[in-house]
Amino acid sequence: MMIKSERLLITDFTPDMARAVHLGSLDEDTRRFLPDEVFETENIAAAVLADLIECYASAAGPFVHPVLSEGVYAGYVQLVPLADGGWEIGYHTVKSMAGRGYATEAVHAFLPVMMNRLGLNQVMGVCDAENAASLRVLEKCGFTRVYAGEALYHGEMKPVVKMLYTK
């Protein structure tokens, strides 16, 4: 995959990205909002990348792709299948590149390509209710709030916001 936006390149993971993924996962926001996406060692990140790379050949997903800014790992954007047959968007920007609008730009570029590829008419966005930055990304990308309350999120019951994007 190769999606270019104004400032970003969304492509496929390669094994040599493990160090950047490992280091990019260690910030306090990832630990707080996405604890299952913290990779404490480069070897753990490499094993996860190997699994994600295998998924590119399948129609089942998940489809997780690195976001690069001037060739440097800035985070990822993903579509993940849900148990009900739907799909959920996800994204993360590494701490050193946060606050530049990269997540919004990546979702804007990625979402239409992947929705067309998978034949989707809608995609869900779910985030921790306290994650104001993630909520802003979804709002800027045209998602509409459909639920706010307690739900299972990354293995715990938490206050969440669910938002829906429809073509």
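This is a predicted model: local features need pLDDT of at least 70, side-chain atom pairs count only at pLDDT 80 or more; totals for chains, interfaces and linings use all residues.
Two strands are taken as paired if DSSP finds at least two bridges between them. Strands of a sheet pair through backbone hydrogen bonds, either parallel or antiparallel. Here, 8 strands form an open sheet with mixed pairing, in the order S1-S2-S3-S4-S5-S6-S8-S7. Strand S1 (3-4) and strand S7 (144-153) stand at the edges; each has a single partner strand, so one side of each lacks a neighbour in the sheet.

S7 and strand S8 (residues 156-166) pair in the antiparallel sense, with 9 bridges between them. Within this pair, Thr-144 stands opposite Leu-164 in S8. The loop between S7 and S8 holds His-154, a residue with a positive phi of about 50° although it is not a glycine. With a relative accessible area of 29%, His-154 is partly exposed.

S8 also pairs with S6: the two run antiparallel and are joined by 7 bridges. The bridge partner of Glu-88 in S6 is Met-124. To get from S5 to S6 the chain passes through H4, and this β-α-β crossover is right-handed.

Helix H4 is also the place of Glu-105. Is this glutamate buried or exposed? At 12% relative accessibility, Glu-105 counts as buried, because the cut-off for buried is under 20% relative accessible area. Leaving aside residues up to four places away in sequence, Glu-105 touches Ser-5, Glu-6, Arg-7 and Leu-8.

The structure holds 1 cavity of 30 Å³ or more, and the largest cavity has a volume of about 30 Å³. Which residues line the largest cavity? The lining is made of Val-67, Ala-74, Gly-75, Tyr-76, His-92, Thr-93, Tyr-102, Ala-103 and Ala-106. Strand S4 (72-81), strand S5 (87-93) and helix H4 (102-118) are the elements that give two or more residues to this lining. By class, the lining of the largest cavity has 6 nonpolar and 3 polar residues, and no charged ones.

In the loop between S3 and S4 lies Glu-70. Phi of Glu-70 is near 50°, a positive value in a residue other than glycine. Glu-70 counts as exposed at 80% relative accessibility, because exposed means over 50%.

How values were computed
Residues are numbered from 1 along each chain as its sequence is written. Side-chain values use heavy atoms; hydrogens and water are left out. On a 1 Å grid over the protein atoms alone, a cavity is a set of points where a 1.4 Å probe fits but cannot get out, and a pocket is an open set with protein on both sides within 12 Å along at least five of seven lines; lining residues have an atom within 4 Å of a point. Grid points are joined across faces, edges and corners, and a volume is the space filled by probe spheres set on the points. Helices (H or I, at least four residues) and strands (E, at least two) are DSSP runs, numbered from the N terminus. Ala, Val, Leu, Ile, Met, Phe, Trp, Tyr, Cys and Pro count as nonpolar, Asp, Glu, Lys and Arg as charged, and the others, Gly among them, as polar. Buried means under 20% relative accessible area, exposed over 50%, partly exposed in between (1.4 Å probe, protein chains only). Contact means heavy atoms within 4.5 Å. A crossover is right-handed if, with the strands pointing away from the viewer, the path from the first strand over the helix to the second runs clockwise.
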